[in-house]
Amino acid sequence: MMNKHDFTATLQFGTVSEVDDQKHAVRVVLPALENLQTDWLPMLTLAAGGNQFYCLPDVGALVVCMLDARGESGVCLGAIFNEDDPVPATSRDLHVLQYSNGTRIQHNRKTGNVLVKTKGKVTIDAPETETTGNILVKGMLTYEKGLQAGNSEGSSAANVIGEMNVEGDIIVNGVRFLAHIHDGDSGGQTSPPK
C-alpha cells in the first residue's frame, strides 16, 4: 500500500507576534485561523550562503506566510504594506531602505542619484577610498593624517577664498616661513616673521 501525502499548502496573512534575532525567524498570529499563533517560521531572505542578507520585520508588522495543510510548519514570505505601514515611495524607479529612526538610503534608477540621509554617522572602513568626480563639502572638512594635492600627471593648485589660519610653520619649496631671514636693504638681516 502506498503512503498518502497531503501536499496542500495555505497562504495566510497575519501579524508578527515574536521575533527570534538569532534564528532569523518569527511567530505570527493568524486572524483567519481564530488568531492561532504559529510555531517559529523561518523568515524568507534574499540570500543566505556566501552572500547574505539579514532583515527582520518588527512585532506587529503585517506579513504573509505559506503554511502546510495543518498550519504546523511553513515559512514567512515577507512583510506587506498596509494602512498602518504605508509605502515609503511612490515610484518604481526608486529603491528605498527606510528605517524607523529616520535613516533613508535611496537610489533613483532613472537619474542614477543615490541619497543617504541619517542623523547618525556614516563610516567607510576601507584601506583606500577613491572618488572620480567632484566633492562638495558643505560642513567642516577635518583630516587627521595630512593632506596631499597633485598627482603623477602634474601639479595642482589649491585656491582659498577667505582667511586661512595656520598653527605652525609653512614650508614653501623647502623654505620655512617662520624661520626665513634674508639680507635687508641697508646691509643687515631681516628678522623672522612674527
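Mentor: Start with the cysteines. A disulfide is a pair of cysteine sulfur atoms within 2.5 Å. By that rule the count here comes to zero disulfides. Keep in mind that this is a predicted model.

Trainee: How do you know that C65 is in no disulfide?

Mentor: The nearest cysteine sulfur belongs to C76 and is 4.2 Å away. The cut-off is within 2.5 Å. Therefore C65 is in no disulfide.

Trainee: Is C65 buried or exposed?

Mentor: Buried means under 20% relative accessible area. C65 has 0%, so C65 is buried.

Trainee: And why is C55 called partly exposed?

Mentor: Its relative accessibility is 45%. Exposed starts over 50%, and buried is under 20%. C55 falls in between, so the label is partly exposed.

Trainee: Which residues make up the largest nonpolar core?

Mentor: Twelve in all: V16, V26, V28, L30, L41, M43, L56, A61, V63, C65, L67 and C76. β2 (25–30) and β5 (62–68) are the elements that give two or more residues to this core.

Trainee: What makes that set a core?

Mentor: Two tests. The residues must be buried and of the nonpolar kinds, Cys among them, and they must be joined through side-chain atoms within 4.5 Å.

Trainee: What does A61 touch beyond its neighbours within four places in sequence?

Mentor: A61 is in contact with G14, T15, V16 and D85. V16 is a member of the core as well.

Trainee: Now the strands. What is the overall make-up of the chain?

Mentor: Zero helices and eleven strands. The pattern along the sequence is β-β-β-β-β-β-β-β-β-β-β.

Trainee: How do you know that β1 and β5 are paired?

Mentor: Pairing takes at least two bridges. Strand β1 (residues 9–20) and β5 are joined by seven, so they pair, and they run antiparallel. F13 stands opposite V64 in β5.

Trainee: Which way do β1 and β2 pair?

Mentor: In the antiparallel sense, over five bridges. There, V16 stands opposite V28 in β2. Both of these residues are in the core.

Trainee: Why does H24 count as buried?

Mentor: Its relative accessibility is 12%. The limit is under 20%, so H24 counts as buried. Leaving aside neighbours within four places in sequence, its contacts are L41, P42, M43, L44, T45, Y54, C55 and L56.

Trainee: Where is N173, and is N173 buried or exposed?

Mentor: N173 sits in the loop between β10 (171–172) and β11 (175–176). Its phi is positive too, about 50°, although N173 is not a glycine. Exposed means over 50%. N173 has 80% relative accessibility, so it counts as exposed.

Trainee: What makes β8 and β9 a pair?

Mentor: Four bridges join β8 (residues 104–108) to β9 (residues 114–117), and at least two are needed, so they pair. The strands run antiparallel. The bridge partner of Q106 is L115 in β9. Five residues lie between the strands of the hairpin, where G112 takes a positive phi near 85°.

Trainee: Why does T38 count as buried?

Mentor: T38 has 1% relative accessibility, against a limit of under 20%, so T38 counts as buried. T38 lies in the loop between β3 (36–37) and β4 (41–42). Not counting residues up to four places away in sequence, T38 touches V26, R27, V28, L30 and L67. T38 and L67 are 29 residues apart along the chain, and their C-alpha atoms are separated by 9.2 Å.

Trainee: Last, the largest pocket. What is its volume?

Mentor: About 1300 Å³. Of its 32 lining residues, the closest to the centre are C55, L56, A79, F81 and Q98. β6 (74–79) and β7 (94–98) are the elements that give two or more residues to the lining. β7 gives the most, with five residues.

Key: Residues numbered from 1 in each chain as written. Predicted model: local features only at pLDDT ≥ 70, side-chain atom pairs only at ≥ 80, totals over all residues. Heavy atoms only, no water. Buried < 20%, exposed > 50% of the residue type's maximum accessible area, 1.4 Å probe, protein only. Contact = heavy atoms within 4.5 Å. 1 Å grid on protein atoms, 1.4 Å probe; cavity = no way out; pocket = protein on both sides within 12 Å on 5 of 7 lines; lining within 4 Å. Points joined across faces, edges and corners; volume = space filled by probe spheres on them.
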